[in-house]
Amino acid sequence: MTELVSIRDLKVEATSDAGRRIEIIKGVSFEVKEGEIVSLIGESGSGKSTIALSLMGYARTGCRISGGEVMLDGRNVARMGERARAGMRGAVVSYIPQSAAAAFNPAHRILTQVVETARIHDLMSEAAAKARAIELFRALALPEPETIGFRYPHQVSGGQLQRLAAAMALITHPKLVIFDEPTTALDVTTQVEVLRAFKAVMRERGIAGVYVSHDLAVVAQVADRIIVLKDGAVQEEGATGQILHHARHPYTRELLAAFHPSPRAGEPIETNPAAETPLLDVSDLVVGYGGLKADGMPQITAVKNVSLRLEKGRNLGIIGESGSGKSTLARAVAGLLPPASGKVSFEGRMLAPSAGKRSRQDLRDIQIVFQYADTALNPAHIISDILGRPLKFFHGLRGSEQDVRINQLLDMVKLPRALRDRRPAELSGGQKQRVNLARALAAEPKLILCDEVTSALDTVVAAAVIDLLKELQRELGLSYLFISHDLSTVRAICDEAAVMYCGEKVEQLTPAKMDSGGQHPYTRLLFSSVPKLDPRWLDSFEHDREAVSAA
Amino acid sequence: MFGFRVPLPSLIGLVVLLAWAVVAIAAPLLVPYSVGEIVDFDIFGPATDQFWFGTDYLGRDVFSRILMGARVTIGISLAAVTLAVVAGVGLGMLAALLGGKFDSLLSRFFDALSSIPNKLFALVAVAGGGSSIPMLIAILALIYTPGSYRFARSLAVNINAMDYVIVARLRGESFFYLARAEILPNILGPVLTDFGLRFVFIVLLLSSLSFLGLGVQPPLADWGALVRENIGGLPFGAPAVILPSLAIASLTIAVNITIDNLPRKIRDRSA
């Protein structure tokens, strides 16, 4: 096999707002052979997307390729004129973005957009391009391949749109396809379908690919070779099997280790549920959006008759994919969205449906931590103000007393005290999430609602946050209602897990069942869809979404 | 590392603005002649060593009258814009935080107000209420409150949807705290820009009112009134009519270019 891509000592420079030059890619070299899929893996900011974009001779606004060469199909893309680059883009190298929804123009039909590249490069007649598009739709296992192209982007699902973006990239018979985290935004059950379609098409046509991802298990399924990146430099490179089983570099090992979080070492607390009042008791909760219908039910019901019990000092996980109603449930418990019917009681006392009517004690006892630390921390405040406010509000702490407590809180979440005077924009994602947690702890709550708290974080950082949550629980006797779409996270921290599907709780799993996979077909699909580090997993995966729809 | 970079046009604008501010404050100390005094037999006289900007239709010193006019124009406009923006931003944040019926009612009310043409509204209001200075300030403020309200409300609605505001609400914080600590700091930049632009609109509206004879009344004279009283000098190309117009133009353009090139506080986040 010959080398299709050869990157030599690539350097990319970024100019900051203040005019400082920062090298973000520090001399990266690697090759991609024809028909080979190479994966770039690393956390956010490691430069993996920047390298992938340089294969098209493109650098994001404010960045430029400052050194090295990018040989693609015998030509140096880094030194090429813009017109020559435009001639290669789409024809020789094509790109599949993370968010297909943002890549499609909502005002045009899908087919028109899919065949557009072929027409721009004048590679085939319009009729031929359309015929090829339909053939690709079929190869990518899209439903109704003949007519799906006549729909608009909003009329297909996220997973389908991602595959349609792949069809758009493949229509010109490119030699190289760049996948930029194409399944990261998808639910696990959808991810499996998309990955399968990608893999089948790439293998069948012998197209080379560069697959950018932060998820080792996903990469294990599609890549022939893995390149591990950190801080703009290659840490380790090797065949997929070698990286997975014989990783040498400490950072790679850390990535692998984050994949097997230690299960909750919680000694099973012996409680008699009938005798003791549970900490949180949710019964027959119905929550929805929109106006009320004639029968007093909301227009759109997001949570249907859900009942939950959470004992003190224990953790309950809520698992489900997007749209399953798990976040809505948390919002109803917090009092952000008053339920249409049903009851929420806390330590035996009934909670008012909306937060505005709850007592200060109730508000203090239940704290919520959101997924995106970026929007959860006021960018105009410094950290000590963010933490100081709940201290003053709930406990009346001021001045030096407040200072001492802020330092304690920062210690608790393992942040250096020097961060007190910084603003959120000056912290990393993981640090922000810790501040977010510290603010919840400042109230001295009994229950923390964690809404996808680790989903926006890198694997290694997320694992550290989970460890922190466990440690805080041991020290402070907290309980968590832990909402996540990620099974391994839930398994790592929860005693029990409720599985939500289409607004209903389909099953409640005990720890023993969490490993074996549960009874309900949806639970089984959800569990089996989580990619495993084994490269053979995808090929042996058995698809049974039909069984779920039937149930 | 902190870095400031002030572009040249912004610097020019800023210098002109500061100069007018100094003039407005220190006018009585700067004027060579008393504003009401007839100092020359020649009317619509040209610029001379003695009368830098010439003389007006009664033979008064135009330079002194423009300096004193700056006080009136800038003072009334500043008072009106402050009232309009404080009312608009306050109500805008209130509407965003309370939402529901209150928001709808207030928004429709202001929509109705802003559907009346500015100048027509001002003319009718002056005809009804007279043109004393407090009345002028109140009318100008009322005319420009709906725009400020719309602007502030749309910014505040976006901030209100942020998780940090939700967290503060869940804590049970008061409206006043939410508005002051959570929302205001995050909309302040655009609000200040809007303040500047609105100031320009008010200067122009006040000048046109005075030009029509319905604004500032003699013996006081703002720049619009100076243009009006000397309009007879236009066929002679008298500085008495041209220079007050230039004063209006220089102030409004200076505010505009200063805002367009506001020095952005730049912070190097990688350092």
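The structure is a predicted model, in which local features need pLDDT of at least 70, side-chain atom pairs count only at pLDDT 80 or more, and totals for chains, interfaces and linings use all residues. Residues are numbered from 1 along each chain as its sequence is written, and chains are lettered from A in the order in which they are written. The predictor assigns the complex an ipTM of 0.77 and a pTM of 0.77.

**Confidence**
- Chain B has a mean pLDDT of 87, pLDDT being the predictor's confidence in each residue, from 0 to 100.
- Over residues 265-271 of chain B the pLDDT is below 50.
- Where pLDDT is low, the predicted coordinates should not be read in detail.

**Architecture of chain B**
- Chain B contains 9 helices and 2 strands; these are DSSP runs (helices H or I, at least four residues; strands E, at least two), numbered from the N terminus.
- The order of elements from the N terminus is β-α-α-α-α-α-α-α-α-α-β.
- The C-alpha trace of chain B spans about 75 × 55 × 30 Å along its principal axes.

**Nonpolar cores**
- A nonpolar core is a set of buried Ala, Val, Leu, Ile, Met, Phe, Trp, Tyr and Cys residues joined through C-beta atoms within 7 Å, where buried means that 20 or more other C-beta atoms, placed from the backbone, lie within 10 Å of a residue's own.
- In the largest core, of 149 residues, Leu449(A), Leu481(A), Val499(A) and Leu140(B) touch the most other members.
- Helix H2 (residues 62-98) of chain B supplies the largest share of this core, 19 residues.
- Another core, of 77 residues, lies apart from it and includes Val194(A) and Leu244(A).

Note on methods
Contact = placed C-beta atoms within 7 Å. Buried ≥ 20, exposed ≤ 12 C-beta atoms within 10 Å, placed from the backbone.
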